[in-house]
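Subject: Handover of a structure and its findings

Dear colleague,

Please find below the structure that I am handing over to you.

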Amino acid sequence: MAQPDTKKIFFENLSGAGKAIAVLTSGGDAQGMNAAVRAVVRMGLYVGAKVYFIHEGYQGMVDGGENIKEATWESVSSMLQVGGTVIGSARCKEFRTHEGRLKAANNLVQYGITNLCVIGGDGSLTGANLFREEWSGLLSELVGQGLIEAEAVQKYSALHIVGMVGSIDNDFCGTDMTIGTDSALHRIIEVVDAIMTTAQSHQRTFVLEVMGRHCGYLALVSALACGADWVLIPEMPPEDGWEDKMCQKLSANRAGMKRLNIIIVAEGAIDHRNKPITTDYIKDLVVKCLGFDTRVTILGHVQRGGTPSAFDRILASRMGVEAVFALLETTANTPACVVSLCGNQSVRLPLMECVQMTQEVQKAMDEKRFEEAVKLRGRSFENNLKTYKLLAHRKPESELPVSNFNVAVLNVGAPAAGMNAAVRSAVRVGISEGHKMFAVSDGFEGFSKGQIKEIKWADVGGWTGQGGSLLGTKRTLPAKHVDKIAEQMRKNNINALLIIGGFEAFESLLQLYEARATHEELCIPMCMLPATISNNVPGTDLSIGADTALNAIVETCDRIKQSASGTKRRVFIIETMGGYCGYLASVGGLAAGADAAYIYEEPFDIRDLQANVEHLTEKMKGSIQRGLVLRNENSNENYTTDFIYQLYSEEGRGVFDCRKNVLGHMQQGGAPSPFDRNFGTKISAKAMQWVTKKLVETFRQGRVFANTEDSCCLLGMRRRALVFQPVVQLKDDTDFVHRIPKEQWWLKLRPLMKILAKYKTSYDVSDSGQLEHVVRNRPKESDASVAM
């Protein structure tokens, strides 16, 4: 909302006055590039700089002329939801030559451009760095040829470069996620989910080829997200004899009543002799050895297309803003940097360090040092691979450790997409650790009634892509049933508990911890995984299910905005869920390009509402035709959605009309997004390993006894790290009346939404990335990018 600035965040050195910034996209396109371009343009204009588009990548820079155009605020409207890159991208051989770069330098000097924001892959960024290093020499040559004045050398003495990685392959070292990867995973999973229904009908085997000539990230993560039977990636070629093992696995799965098989192959998949493994080879192998009806599907450029996911829009917007800060703060001695994502934080890393490590991966693969290549890809990639192996390949009974521990899993609170993926992961990892796994139906209510049964490996097959909660879930808290729950724990000899749920799960764990004093049966290791669309659980930045809900909101907002195209000026008021937590409204607003988002955490009054109406009225008098306002369901008991709708309708009369939409429970439904499937899968696997460790630690004299604070924990993502936190220690961080954490990281993103909607506001740059260095192997706990 339009509020007076309370502190001047943009210091003198962050002013863009007198500076010119150019933005270009280069190499292969990726969904989300437009969101990054939009953020660079709007933040650049916001700080007073001139901003230019360079159309058609480096080719446009070399050719100059109409390819370099000044950007305006309106020129990036309505591009947030568009896939690809609207400013065009081209591979340019001429830029690789000295003559080509000389032409490019001349074209930039004509516009006074000395700040370049490059969105592309490692080749594009390497080219940009070479251009920067040659800059002063190029200018001297241009003076010698009489193309520029001698003063220009002094005036434009240094070229500053900041890179953002746009690549669906996620093959760039130094960042957990590249722009476009999440959207490509969405396309793959949409296809796999559709194929699974037809494969199920005909008992078929499908071999799917996904992109990734040199990097198996898409293949690996999509295999993890859909529970594929087999995956082949270039970083980990299969051992000799893999064909027989694969056929045995497929055959065993069919024998276990599974009606379909899915095999995912990266286009660059190879065997140990560097011989390509093709989809046709695999198809022929399966038909010959097993006689299964087998089909091949090559996804191709479908993976590059379509609208960007909510994750990619937010990632690209954050990176674009960070890139402008980096350009404003850079000096002649600052190395070219790339804006990266580490866990949940934007960081800046030296561009060439990242490029060199990316090239090291390829070198390791060429030299058949495959284990090293996996490690160089980063801890996230390594963990993906380990988790896939753990969940996809069941060890024979004879090889399993025997623990004699019984572990129960249950869902508590409202359903959230990704819960089933978490349960599947817990069950399979638990069985692999030698435990007997029990499933509890209908939360603590079912627990008190004895709705507990053993759950086996095959029982959770196909659960990853299912929405809602297959176990059943209730909001009932355990306090009033604690005697019966303790009795059922004794009766079933439950030695540990894994609870997957939202704020009710957090309250439940606190109640169980407090009941340990009177019920010895509750003195067992207990762990909670946050799973709620509201993302309102203390102790974690992200919850399972929130990403799926965000995508539902953003997709609906896109459609609603599109419905107004070709009509008169219109503003949409949209109500989101979330209880008192404004996460969905705020982050959904950032991803959908909203003009305002009303939330409980940021109080607003009638003056703010009036200021917003005036802002929209002013905006609508220009070329912008549509406005979008989000409101969290409990943001204010008096300023209801109806009230805001009526106020906007009345005050905007004659300039725009209004429509309102309450999104309701559609935010809770649907198949889980790739992010939620993998987040649920991987944090659940980590939680089960913690449970095993605690069971071993607390097993004394023939029984498990755990009554310390650190045996009753919540596993959450905190900035860059996944952390087990005793729930008792989180009590002081919690507002129990409104069921939200007292401090919420995403509130720092709200000014970003306002700035991109053209409001003057303060922006906290205290978290803005300082230049760091690429770390080959981060400390074990810091794989915050467990999500993807």
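Leaving aside neighbours within four places in sequence, T576 is in contact with I553, L584, A585, L630, R631, N632, E633, L663 and Q667, where contact means heavy atoms within 4.5 Å. Please note that this is a predicted model, in which local features need pLDDT of at least 70 and side-chain atom pairs count only at pLDDT 80 or more, while totals for chains, interfaces and linings use all residues. Residues are numbered from 1 along each chain as its sequence is written, and side-chain values use heavy atoms, with hydrogens and water left out.

T576 belongs to strand β18, residues 570-576. Strands are DSSP runs of E with at least two residues, helices are DSSP runs of H or I with at least four, and both are numbered from the N terminus. T576 counts as buried because its relative accessibility is 1%; buried means under 20% relative accessible area, exposed means over 50%, and partly exposed lies in between, with a 1.4 Å probe and protein chains only.

Which strands pair with β18? One is β20 (residues 626-632), which pairs with β18 in the parallel sense over seven bridges. Another is β21 (residues 657-662), also parallel, joined to β18 by six bridges. Two strands count as paired if DSSP finds at least two bridges between them. As examples, I573 has V629 as its bridge partner in β20, and R570 stands opposite D657 in β21.

Helix α7

Helix α7 covers residues 217-226. This helix is largely enclosed by the rest of the structure, because 10 of its 10 residues are buried. These are Y217, L218, A219, L220, V221, S222, A223, L224, A225 and C226. The elements that cover them include α6, β6 (205-210), β7, β8 (261-266), α13 and α22 (674-698). Just after the helix, G227 takes a positive phi of about 70 degrees.

Cysteines

How many disulfides does the model contain? The count is zero, a disulfide being a pair of cysteine sulfur atoms within 2.5 Å. The sulfur of C226 has its closest cysteine sulfur in C215, at 17 Å, so the two are too far apart for a bond. C226 counts as buried, with 6% relative accessibility. C289 is in no disulfide either, and its nearest cysteine sulfur, that of C247, is 4.2 Å away. C289 is partly exposed, with a relative accessible area of 43%.

Pockets and cavities

Both terms rest on a 1 Å grid over the protein atoms alone: a cavity is a set of points where a 1.4 Å probe fits but cannot get out, a pocket is an open set with protein on both sides within 12 Å along at least five of seven lines, and lining residues have an atom within 4 Å of a point. Grid points are joined across faces, edges and corners, and a volume is the space filled by probe spheres set on the points.

The largest pocket holds about 1,500 Å³ of space. It is lined by 47 residues, and A228, D229, K249, N253 and A392 are the closest to its centre. Helix α8 (242-255) gives the most to this lining, with six residues.

The second largest pocket has about 970 Å³ of space. Of its 35 lining residues, R91, G121, D122, G123 and S124 lie nearest its centre. Helices α4 (122-144) and α11 (351-366) each give two or more residues to the lining, and α4 gives the most, with six.

The count of cavities of 30 Å³ or more is two. The second largest cavity has about 30 Å³ of space and is lined by A223, L224, G227, Y388, L391, A392 and R424. Helix α13 gives the most to this lining, with three residues. By class, the lining has five nonpolar, one polar and one charged residues; Ala, Val, Leu, Ile, Met, Phe, Trp, Tyr, Cys and Pro count as nonpolar, Asp, Glu, Lys and Arg as charged, and the others, Gly among them, as polar.
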